[in-house]
Amino acid sequence: MRVELPPRAELIEHYRVAARSVPRVRVNFIASLDGAATHEGLSGGLNNADDKIVFDTLRLLTDVILVGAGTVRAEGYGGILLPADDATWRVQAGLAAQPRVAIVSGRLDLDPEHPVFTNAVTRPIVLTHAAAPTDRRVALASRADVVDCGEDRVDPRRMVAELAERGLPQILCEGGPHLFGDLVAADRVDELCLSLAPVLEGGSAGRIAVGTSAATRAMELLHVLRAGDMLFLRYARRHS
């Protein structure tokens, strides 16, 4: 008999965070059994309907969705709009009806006419640094709040602090691997929600986190959920 995910209300309790005012970075990724982050270049090639349910639940619970500019371009991000029932649930829970979207880009290599801006239901935030190109900054400012998080590079610690100051302490990072790697290096990953797809991918697909230097961060397992042959793992930072 196929194992199903818990009902939505129970699933929410599995992922709910009690201390919402405390800044928390939750990272959500999917990987194959042999560690591939993508299938044919896209993470969406590994997921299924069950993963979408967990994915939507994590969005339901966050204040802001954090994503790298490369992922916005590669994965076809548009204006993010939660369903009406989810928006109602959020309002009843004391949250904004829709989460904000924050895009990380050091070079500001983003088209102001990209659907992530033109179809946005809440004003996006672009997280960059003070040395980013002025002309691109001006162009994007018509579509988004452009926020400096460092002098000549985006500092993940500043990034988290800037979002928290704007009333967005619960942060859901959806990638990509370079952004995840930067967060790991800066020790700003509080939680990882990892979906394990029941496939072997092989080939040259990259990992879910990529960085210029290694950094070991101890994590503890909070839960394992199963739906069919897919596993959903929730890990949190281990405090000594």
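A: A cavity here is a set of grid points where a 1.4 Å probe fits but cannot get out, and a residue lines it when it has an atom within 4 Å of a point. Please keep in mind throughout that this is a predicted model.

Q: How many cavities of 30 Å³ or more does a search of the whole structure find?
A: The search finds 1 cavity of that size, and the volume of this largest cavity is about 40 Å³.

Q: Which residues line the largest cavity?
A: The lining is made up of Gly79, Ile80, Pro99, Val101, Val116, Ala120, Val121, Thr122 and Pro124. Sorted by class, the lining has 7 nonpolar residues and 2 polar ones, with no charged residue.

Q: And what about open pockets, what volume does the largest pocket have?
A: The largest pocket has a volume of about 730 Å³. Its lining involves 33 residues, and those nearest the centre are Ser43, Phe55, Glu75, Tyr77 and Glu174. Two or more lining residues come from each of strand E1, helix H2 (49-61) and helix H3 (69-74), and H2 gives the most, with 5 residues.

Q: How does the lining of that largest pocket divide by class?
A: It has 11 nonpolar, 14 polar and 8 charged residues, whereas the lining of the largest cavity has no charged residues.

Q: Stepping back, how many helices and strands are there in the protein chain?
A: The protein chain has 8 helices and 9 strands. Its C-alpha atoms fill a box of roughly 60 × 45 × 40 Å along the principal axes, and 46% of the 240 residues are buried.

Q: What radius of gyration does the protein chain have, and what would a compact globule have?
A: The protein chain has 17 Å, which agrees with the value near 18 Å that a compact globule of 240 residues would have. As for how the chain folds back on itself, among contacts between residues at least 6 apart in sequence, 69% join residues at least 24 apart.

Q: Which residues have the most contacts inside the largest nonpolar core?
A: That core has 30 residues, and the ones with the most contacts inside it are Val27, Leu66, Leu127, Met159, Leu163, Phe180 and Leu183. At least two core residues are supplied by each of strand E1 (24-32), strand E2 (64-68), strand E3 (100-104), strand E4 (125-128), helix H7 (156-165), strand E6 (170-173), helix H8 (177-185) and strand E7 (191-197). As background, nonpolar side chains in soluble globular proteins tend to be buried together.

Q: Let's stay with H8, then: which of its residues are buried?
A: In H8 the buried residues are Leu179, Phe180, Gly181, Leu183 and Val184, and they pack against E1, E2, E3, H7, E6 and E7.

Q: What is Leu183 in contact with, leaving aside its neighbours within four places in sequence?
A: Leu183 is in contact with Val25, Val27, Leu66, Pro156, Met159, Cys173, Arg188 and Val189.

Q: Now the backbone: which peptide bond is cis?
A: The bond from Gly175 to Gly176 is cis, with omega near 5°, and Gly176 is found in the loop between E6 and H8. For context, most peptide bonds are trans, and most residues other than glycine have a negative phi.

Q: What is the phi of Leu108, and where is its place?
A: Phi of Leu108 is near 55°, a positive value in a residue other than glycine, and Leu108 sits in the loop between E3 and helix H5 (115-118). At 1% relative accessibility, Leu108 counts as buried.

Q: And where does Asp187 lie?
A: Asp187 lies in the loop between H8 and E7, just after H8, and takes a positive phi of about 55°. Its relative accessibility is 30%, so Asp187 counts as partly exposed.

Key
Residues are numbered from 1 along each chain as its sequence is written. This is a predicted model: local features need pLDDT of at least 70, side-chain atom pairs count only at pLDDT 80 or more; totals for chains, interfaces and linings use all residues. Side-chain values use heavy atoms; hydrogens and water are left out. On a 1 Å grid over the protein atoms alone, a cavity is a set of points where a 1.4 Å probe fits but cannot get out, and a pocket is an open set with protein on both sides within 12 Å along at least five of seven lines; lining residues have an atom within 4 Å of a point. Grid points are joined across faces, edges and corners, and a volume is the space filled by probe spheres set on the points. Ala, Val, Leu, Ile, Met, Phe, Trp, Tyr, Cys and Pro count as nonpolar, Asp, Glu, Lys and Arg as charged, and the others, Gly among them, as polar. A nonpolar core is a set of buried Ala, Val, Leu, Ile, Met, Phe, Trp, Tyr and Cys residues joined through side-chain atoms within 4.5 Å. Buried means under 20% relative accessible area, exposed over 50%, partly exposed in between (1.4 Å probe, protein chains only). Helices (H or I, at least four residues) and strands (E, at least two) are DSSP runs, numbered from the N terminus. Contact means heavy atoms within 4.5 Å. The radius of gyration is taken over C-alpha atoms; the globule rule is 2.2 Å times the number of residues to the power 0.38.
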